[in-house]
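Please look at the picture while I talk.

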Amino acid sequence: MGTYIDESNETRNCFEIFYQKEVIEVELEKNNDHTIVTGLTFGDGQCMHDSCKNASYVFCPGEAVGTLRKLGFKEPAYAGFAGVSLLLNIPVPQDKMAEYESFSHCMEVHQEGIVLAWQARMIEGSIFIGVAGTKAFYGDQRPTKDQAFAKNRNLLQLNMINDVLPEFISLALGRDTKGQTLVQADLDTLEQQEIAQRWAGTRAVVFDGFPTLGAAYTPDDTKIDNVVVTTHLGSGGASFGPAAVAVSCCVQNEKCYTKFVS
Ligand SMILES: Cc1cc2nc3c(=O)[nH]c(=O)nc-3n(C[C@H](O)[C@H](O)[C@H](O)COP(=O)(O)OP(=O)(O)OC[C@H]3O[C@@H](n4cnc5c(N)ncnc54)[C@H](O)[C@@H]3O)c2cc1C
């Protein structure tokens with residue numbers, strides 16, 4: 001983020017996103033009392049030096065816990081909190097189209113030690129069901145959907161959905177599944193038929209569970225003037241993401257205290 005001068009010599013705001021570029025290094029410049037980032041190096045070898053004038057940089061590495069530290073910033077003790085989601089796209093036969101046309105529902109389902117959130121609705125001739133929310137291990141390893149915990153949690157999610165929406169799971173598996181306990185082979189079948197899609201990922205968290213918002217610091221506690229960080233949002237981070245971004249920006253600009261007390 002910064003500014004540039006256009007053809008008519010007017011100063012305009014400049015906001016750039018570089019897609020599919022992994023930032024592997026940042027260039028820091030120390031000038032008297034100020035430390036600023038002046039450029040980035042990407043994984044493909046390309047470097048970018050302040051293409052906007054007076055540029056500020058926003059770092060939100062999320063799932064990639066440890067990125068701040070790798071880039072030379074201070075990062076609190078962190079961990080990834082693994083979890084999985086399950087997406088089902090169940091084709092609806094013609095004779096059921098009218099019945100399900102306006103189907104749209106969401107719910108939180110509780111079992112001992114587990115809380116799942118799901119949403120389901122008709123999308124282009126299929127019933128879409130998305131379910132996520134089971135938690136697994138903390139660690140600094142990247143979870144994959146082929147690990148035992150992921151398969152086990154996805155099967156649990158399928159069974160919980162079968163408890164609340166058995167008519168759709170019956171449609172997907174071609175048999176009456178109401179009241180049944182589904183097994184791994186059922187989930188494998190749904191995956192092979194491309195009805196089920198499984199995903200494993202991490203919620204980024206730090207030791208006190210609080211997000212990391214505001215300015216970036218070097219490991220010796222020097223504030224970096226032109227960097228805003230919004231990361232370690234953890235569970236529920238999608239819901240409070242916009243608020244986290246707002247707090248980050250005002251903390252970095254040191255307007256936060258006055259804003260919140262006034
Ligand atoms: C299974 C599961 C269920 C969840 N359920 C919910 C829920 O029901 N409700 C809710 O509100 N939240 C939920 N969350 C949490 C929510 O998904 C996260 O808090 C949120 O996605 C965090 O957003 P983010 O933008 O900070 O990070 P991410 O979504 O992780 O985005 C970070 C981005 O930065 C990119 N990146 C990282 N490092 C680099 C680098 N070096 N260079 C360039 N790019 C980089 C990544 O590729 C990625 O695109 C869930 C999370 C999981 C894992």
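Predicted model: local features only at pLDDT ≥ 70, side-chain atom pairs only at ≥ 80, totals over all residues.

The structure holds eight salt bridges, where a salt bridge is a side-chain nitrogen of Lys or Arg within 4 Å of a carboxyl oxygen of Asp or Glu. Residues are numbered from 1 along each chain as its sequence is written, and side-chain values use heavy atoms, with hydrogens and water left out.

Let us take the pair of Arg-12 and Asp-6, whose side chains meet in a salt bridge at 2.8 Å, N to O. Arg-12 is partly exposed, because its relative accessible area is 39%, whereas Asp-6, at 10%, counts as buried. Here buried means under 20% relative accessible area, exposed means over 50%, and partly exposed is in between, with a 1.4 Å probe and protein chains only.

Another salt bridge joins the side chains of Arg-142 and Glu-63, at 3.6 Å, N to O. Arg-142 lies in the loop between β10 (126–139) and α3 (148–164), and Glu-63 in the loop between β6 (57–59) and α1 (67–70), so this pair ties together parts that are 79 residues apart in sequence. The helices (H or I, at least four residues) and strands (E, at least two) are DSSP runs, numbered from the N terminus. Arg-142 is exposed, with a relative accessible area of 53%, while Glu-63, at 28%, is partly exposed.

The side chains of Asp-146 and Arg-198 also meet in a salt bridge, at 3.7 Å, N to O. This pair links distant parts of the chain, since Asp-146 is in the loop between β10 and α3 and Arg-198 is in strand β11 (residues 196–206), 52 residues apart.

Now please turn to His-232, which lies in the loop between β13 (223–231) and α6 (237–252). His-232 is buried, with a relative accessible area of 2%. Which side chains does the side chain of His-232 contact? There is a polar contact with the side chain of Glu-75, at 2.8 Å, and another with the side chain of Thr-212, at 2.5 Å. A polar contact is a pair of N or O atoms within 3.5 Å; within protein, one must be able to donate a hydrogen and the other to accept it, and residues adjacent in sequence count only if both atoms are side-chain atoms.

Let me finish with distance along and across the chain. Thr-35, in strand β4 (residues 34–42), is buried, at 3% relative accessibility. Thr-35 and Gln-147 are 112 residues apart in sequence, and their C-alpha atoms are 43 Å apart in space.
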